[in-house]
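Please look at the sequence and the model first, then read the points below.

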Amino acid sequence: MTSATAVGARAAAPAPRARKHKRDWRGWGFVAPFMIVFLAVLVAPVIYAIVLTLFRTQLVGGSAFVGLDNYLQLFQDPRFWESLFRVTLFLLIQVPIMLGLSLVAALAIDSARLHGTSFFRIAIFLPYAVPGVVAALIWGFIYGNQFGLTGSINDLVGFQLLAPFSSEWVLASIGNIVTWEFMGYNMLIFYAALKIIPGELYEAAELDGAGQFRIVTSIKIPALRGAIVIATIFSIIGSFQLFNEPNLLKNLAPNVISTYFTPNMYAYNLSFAGQQFNYSATVAIVMGIITAVIAYIVQLRGSRQEVR
Amino acid sequence: MSAVTSPKRPAFARGTKPTHKARQRKSIVLTIVMAIFVIYSVVPLVWLIVNASKDQADLFSSFGLWFGKDFNLFQNIYETLTYRDGIFVQWFGNTLLYVVVGAGGATLLATIAGYGLAKYNFPGRRAVFAVVLGAVAIPGTALAVPTFLMFSQLGLTNTPWAVILPSLISPFGLYLIWTYATDAVPTEILEAARMDGASEFRTFFTISLRLLAPGIVTVLLFAVVATWNNYFLPLIMLSEPTWYPLTVGLSQWSAQATGVGAQPIFNLVITGALLTIVPIVIAFLILQRYWQSGLSAGSVKQ
């Protein structure tokens, strides 16, 4: 596959070159392979899904065009709203905590005031390399009362101090897993952005007598704005498509985590347990639109502040 | 000039930058605070290593963060690899296949396209950029169900292609190479090569590719992690256990502990989880100087 694409790209080269004096089409030779696969595996499914949302499979007479009925049904579906509310709550609490921790870690590592900086950098980043499934399995065991650490702590204090699988705490338990997985990754994104601040800026600040704290608030944080916007967008997307962790913890807490715990679990269960493909596609499309709109707003706000 | 040489030597480029910082006093308080971060990050992994050395009985009877009566790590590894005629080894092979073809292909496509976007001003360039950036905002998992429905129409489900094809696209990788190539490949070098009569693709493969190396390693590593860790897509695409990657296989083993006819194999789940993360952690540690410099793409420009 790998070499086939390379050959394809090579073969595409001469044709665009011939016209280079009029308009420079050469770039397409490079971009075309990506765009072809992109259209096939990203754009085509979206279009196909949109078509699906306009139909409904009837008990009698097969598939019928129903216009926007699936959407109307979805907007009146309490299960959808409940799952959407849950991931929104998750987003509003987990994302700021995680990004805040990542920011602190990145600033600390960049400050050159740490002993053994590179050890901290790699150790905190390490959980990112752990598959979400494995992370959920490990934490699921740790949360467990049987041979987890939670059980040990509860035995130690003599009562049920921690109950990660209770309905009040299960969302926080999931938030902890996600924070553990992505804190280091976001730290690295922030750290990379801190590294491109020109050294002269610090020298100028030091000449002006600015302290460390002032350098952080006046130079480092403003320079991180773009990275923070990117990390926020990725985190929003991640929260809205929450699936792996709750789906795996469901084995351990089947009564607390429902089949519509998150919109994605709802779409999955509609498809694979309920065979309601059209309705499932509607959930996916609506969630895609909501995510894209919010990501766009965040991006817009982020770049508008940059202009000021 | 520094932009030409430094991508090859990320470690040096990094080391030379903040001369003013060398004077800074080390802070013990800050080190302690960061130690808490490290403990949080590492304790679950320590738990995994410790408990991979226990048999089922010890798992239930001993403290989670210390070893049990017997040291059973090798026994556990043997059992994991031979359970059900070595299905774990097969899953491992499947994961490797998906990673090599999927992540390798994704890196190749993203590198070539990112370079094209950075170095050529062609009609429709802005449109390509807008569409790809827009795609970043589409949740991959929300796409999975529609992709499954389309692939099942095409008869692609339950084949390796169902997992490989969607992982060939990495908008983030494209973005990273695009920003990296803008600085790492000087336009003057390309013009000089054109003067010498080299074709655009020859220039790319002989000159630009080498300058892009740290960026490519970064994209490759993140694509490898994404495919190695892929769970949702194979979960819905594959129904035949012989095509499962490790992630889906492990979750099936874990689910085996509950429900009707439960056959808990906690020790195998834990050992299997450890075996799943070891290769990827090693890859990160070995390649760290590359991806760390690749991520700070802009840091090479002075």
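Two residues are in contact if their C-beta atoms, placed from the backbone, lie within 7 Å. Among contacts in chain A between residues at least 6 apart in sequence, 65% link residues at least 24 apart; in chain B the corresponding share is 76%. This is a predicted model, in which local features need pLDDT of at least 70, side-chain atom pairs count only at pLDDT 80 or more, and totals for chains, interfaces and linings use all residues. Residues are numbered from 1 along each chain as its sequence is written, and chains are lettered from A and ligands numbered from 1 in the order in which they are written.

**Chains**

- Chain A has 15 helices and two strands, while chain B has 16 helices and zero strands; helices (H or I, at least four residues) and strands (E, at least two) are DSSP runs, numbered from the N terminus.
- Of the 308 residues of chain A, 44% are buried, and in chain B buried residues make up 47% of 302.
- A residue is buried if 20 or more other C-beta atoms lie within 10 Å of its own, exposed if 12 or fewer, and partly exposed in between, with C-beta atoms placed from the backbone.

**Annotated transmembrane regions**

- An unreviewed UniProt entry gives "transmembrane region" for chain A at residues 27–51, 84–107, 119–142, 169–194, 223–243 and 277–298.
- For chain B, the unreviewed UniProt entry places this feature at residues 27–50, 96–115, 127–149, 161–182, 203–228 and 265–287.
- UniProt positions follow the numbering used here, feature names are shortened, and annotations may be inferred rather than shown by experiment.
- Residues 119–142 of chain A are 75% helix and 0% strand, with end C-alpha atoms 25 Å apart.
- Residues 169–194 of chain A are 96% helix and 0% strand, and their end C-alpha atoms lie 36 Å apart.
- In chain B, residues 265–287 are 91% helix and 0% strand, with 34 Å between the end C-alpha atoms.

**Domains of chain A**

- Chain A is assigned domain 1 (2–53) and domain 2 (72–307); the bounds come from an automatic or database domain assignment.
- The C-alpha centres of domain 1 and domain 2 of chain A are 34 Å apart.
- Four residues from domain 1 of chain A and six residues from domain 2 of chain A take part in their contact.

**Interface between the chains**

- The contact takes 91 residues from chain A and 87 residues from chain B.
- Helix α3 (residues 26–53) of chain A gives the largest share of the chain A side, 19 residues.
- The chain A side that touches chain B has 62 nonpolar, 20 polar and nine charged residues.
- Ala, Val, Leu, Ile, Met, Phe, Trp, Tyr, Cys and Pro count as nonpolar, Asp, Glu, Lys and Arg as charged, and the others, Gly among them, as polar.

**Largest nonpolar core**

- A nonpolar core is a set of buried Ala, Val, Leu, Ile, Met, Phe, Trp, Tyr and Cys residues joined through C-beta atoms within 7 Å.
- Of the 164 residues in the largest nonpolar core, Leu137(A), Phe190(A), Ile177(B) and Ala273(B) touch the most other members.
- Helix α9 (residues 170–195) of chain A supplies the largest share of this core, 16 residues.
- Domain 1 (2–53) and domain 2 (72–307) of chain A both give residues to this core, so the core lies between them.
- Leaving aside neighbours within four places in sequence, Leu137(A) is in contact with Leu248(A), Leu250(B), Ser254(B), Val269(B) and Ala273(B).
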